[in-house]
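Please brief me on this structure. Keep it short, and group the points by topic.

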Amino acid sequence: MVCKSGGMAVIALALGLILSLSARTTESFPLFKRAFVSSIDSEVTGIDNAASPSYESTQSGPHVNKTDRAKQAAPTAQAPAFKPVQNNTEFGEAVRTTAATPNNTTVISFHTEDLDENIAKEAEAKVGDEEAKKLKALDCPPLGLESLRVEDSQLRASSSERMGLGAHRGRLNIQSGIEDGDLYDGAWCAAYKDTEQWLEVDARRLTSFTGVVLQGRNSIWSWDWVHTYKVQFSNDTYTWTPSMNGTQEAIFEGNIDAETPVLAALPQPVVARYIRINPQTWYENGTVCLRAEVLGCPLPDPNNIYTWESEQGSVDKLDFRHHNYKEMRKLMKEVTEECPDITRIYSIGKSYMGFKLYVMEISDNPGKHELGEPEFRYVAGMHGNEALGRELLLNLMQYMCREYKRGNPRVVRLVEETRIHLLPSMNPDGYEAAYEKGSELAGWALGRYSVEGIDMNHNFADLNSVMWESQEREQDKTKAVNHYIPIPEYYTLETAFVAPETRAVINWMEKIPFVLSANLHGGELVVTYPFDMTRDWAPKELTPTADDSFFRWLATVYATTNRVMANPDRRDCHYEDFKQHNNIINGANWHTVPGSMNDFSYLHTNCFEVTVELSCDKFPHASELPTEWENNKESLLIYMEQVHRGLKGVVRDKDTQAGIADAIVSVDDIDHDIRTAFDGDYWRLLNPGEYEVTVRAEGYIPAKRMCRVNYEGHPTICDFELSKTFKQRLREILAKGGKVPQDMQLRLRMLRLRKLRASTKAINRRRRQ
């Protein structure tokens, strides 16, 4: 119990900080029980026989601060940041040995995971049986107020305080604009404070209503919520029948704060077309305001002209449901068993609570980097409650496996020409907390943060400031650092408040030469591209990268092929109209995000990365997953194919033909360089055009050539051969104890004579002065 109470103190501190910044989040992050942590530890021990972290020594009192708590965390969180991991089967230290095969494959990966072991009984009870615990009312899906399946025209109200608080704003988890009184406020609010006010929903067909989920008003200025309410039903909007509890009209309990969703199950299901929510009491210092979702099962109605989007489903027979940790492992294991030749599962580390961060690799040569083959990654679940990305990646694993077996030429080409890595859950601790509540009851923030209260999308090292400070110091702008920026020393200290999940992902980035990535989020419909951080700490400001044109292309590729984003008539999710920007936006021009994974990836590695906000609903109901898969399937595939745009090649030693690692590849007029991988291959993402490319490496004479990128969806091969400098050749001969050749001796004498003449001239000039 000491561990649990100490953990709650940390969460309270983190929550206090969050509330002080936004005044929006009112839910605390629940910690799992000690028995669950122990069971996860025992489970991990069964997988890799590594020493499991012990939480028995974590004696956190109620006044422990965040830094102290970080010091007492699991060993993964305590380890010095980003140093090579020694003898650690969890991180799976990368093994780099060139295989003796004609295609020059190189082992550069994490150890393959064995998923045959059983999960401990306590963990199974905690993580595996949540479906059985859900209330019967949740058996019926939501009508779709939150997901926008219910249109604005289906919502009516008795009155509205103003346009921005109309019935169309009474949707669960809708977020308000920054300014009080604008057109995008955070609830429906009645114009009068009496018991005659109501919010009405037209289901457009006979529906068996089973429950209502209620929430207060989202606002940084006002506090409004409904304490109790009644529910009425109708088939014609003229005659209304109340929900009865025996012989009396039922009174349902509402909210005690503005953000926590509260489910009220009807005493018995009621079949009707219309439903009204009729507030009876409300917060004494507020007014009649609410956000809602309605639960109900649509009934067959051959005379109804409306077709629900969810009934369209998907042509792909995939496992469309939400998967907790146990179920995710099971699904990934099934995929590897179905397609063992092209898939492999490995772990890049553990979460704070001990969950492994599993990655599915899809390639025709799993576990090896092939010369010239680009590495691609998708990352989902950075915010644990944004669950759609997790399910889309699990669906993508199944889809690619099955389509590869069927011989789908597009999928076969992707698998054979790309090494794909899928991380479905970067924040499994947060996901389990949100999953336990359920898709409609998790609210807007529960599960977003790590157990330590860390927002992982603000938790990467701020390299933007390092680059901009370098640019301001250097008079010669060409000498300012623009790529492979090292991590600042303060960030690597043991006292740095860095989540173990963040450390694991950085370690992963540094070991595999990723070329392209996307970070899958939820809660909006837009694709953002770097930079995410403004230069002068402004709340928002256009802050483009040197590769702005290509990032805009990447974002456009996903947005224009996403079925919902591409719909010009779609409703805005919350309060911003991204359609006017073609559903893409520079991240910093939306809101500044210091320490984002996108910016870190671009500045610390060769990898280009965008963020995809997949849906208005962060945690869509399982019934909506088939439609969401169809909305995103083409986008997920075509975005992966962009890794083959631009230039690629190998930089070799002219004499030995060996690949040169860490050679710098520069493109004229683009102030961002990349580097070659450990075997000399490189990939430079570029739009079509002709480019002057220069390659430099320590000890070699720079080489330059013109390379043309065509419009076809495959890269242009642009190889380089570098000759060693005279000094480098001389150093190598002397290091081996060899004799300097006569031609080199003559050249060395000439160099010395030239240096002597130059120094003599300088001395003579000084004497004349």
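Strand 22 (residues 664-667) is covered on both faces. I664 and S666 on one side are buried, and so are V665 and V667 on the other. Buried means under 20% relative accessible area, exposed over 50%, and partly exposed in between (1.4 Å probe, protein chains only). Helices (H or I, at least four residues) and strands (E, at least two) are DSSP runs, numbered from the N terminus.

This is a predicted model: local features need pLDDT of at least 70, side-chain atom pairs count only at pLDDT 80 or more, and totals for chains, interfaces and linings use all residues. Residues are numbered from 1 along each chain as its sequence is written, and side-chain values use heavy atoms, leaving out hydrogens and water.

**Partners of strand 22**

- Strand 22 runs antiparallel to strand 23 (residues 670-675), and 3 bridges join them. Two strands pair if DSSP finds at least two bridges between them.
- In strand 23, I674 stands opposite V665.
- The hairpin of strand 22 and strand 23 has 2 residues between the strands. There, D669 takes a positive phi near 75°.
- Strand 22 also pairs with strand 25 (residues 689-696), in the antiparallel sense, over 4 bridges.
- The bridge partner of S666 in strand 25 is T694.

**Nonpolar cores**

- The largest nonpolar core has 99 residues. Such a core is a set of buried Ala, Val, Leu, Ile, Met, Phe, Trp, Tyr and Cys residues joined through side-chain atoms within 4.5 Å.
- I348, Y378, M400 and W508 touch the most other members of this core.
- Helix 8 (residues 388-406) gives the core its largest share, 9 residues.
- Another core, of 29 residues, lies apart from the largest one. Among its members are A167, W188, L214 and A292.
- Beyond its neighbours within four places in sequence, M400 is in contact (heavy atoms within 4.5 Å) with I362, V411, L414, V415, I420 and M640.

**H421**

- H421 is found in strand 16 (residues 419-423).
- H421 is buried, because its relative accessible area is 0%.
- The side chain of H421 makes a polar contact with the side chain of Y346, at 2.7 Å. A polar contact is a pair of N or O atoms within 3.5 Å; within protein, one must be able to donate a hydrogen and the other to accept it, and residues adjacent in sequence count only if both atoms are side-chain atoms.
- Not counting residues up to four places away in sequence, H421 touches several others, including E361, E375, R377 and W508.

**Helix 10**

- Helix 10 (residues 428-437) has 8 of its 10 residues buried, so it is largely enclosed by the rest of the structure.
- Among the buried residues are P428, D429, Y431 and Y435.
- Just after helix 10, G438 takes a positive phi of about 105°.
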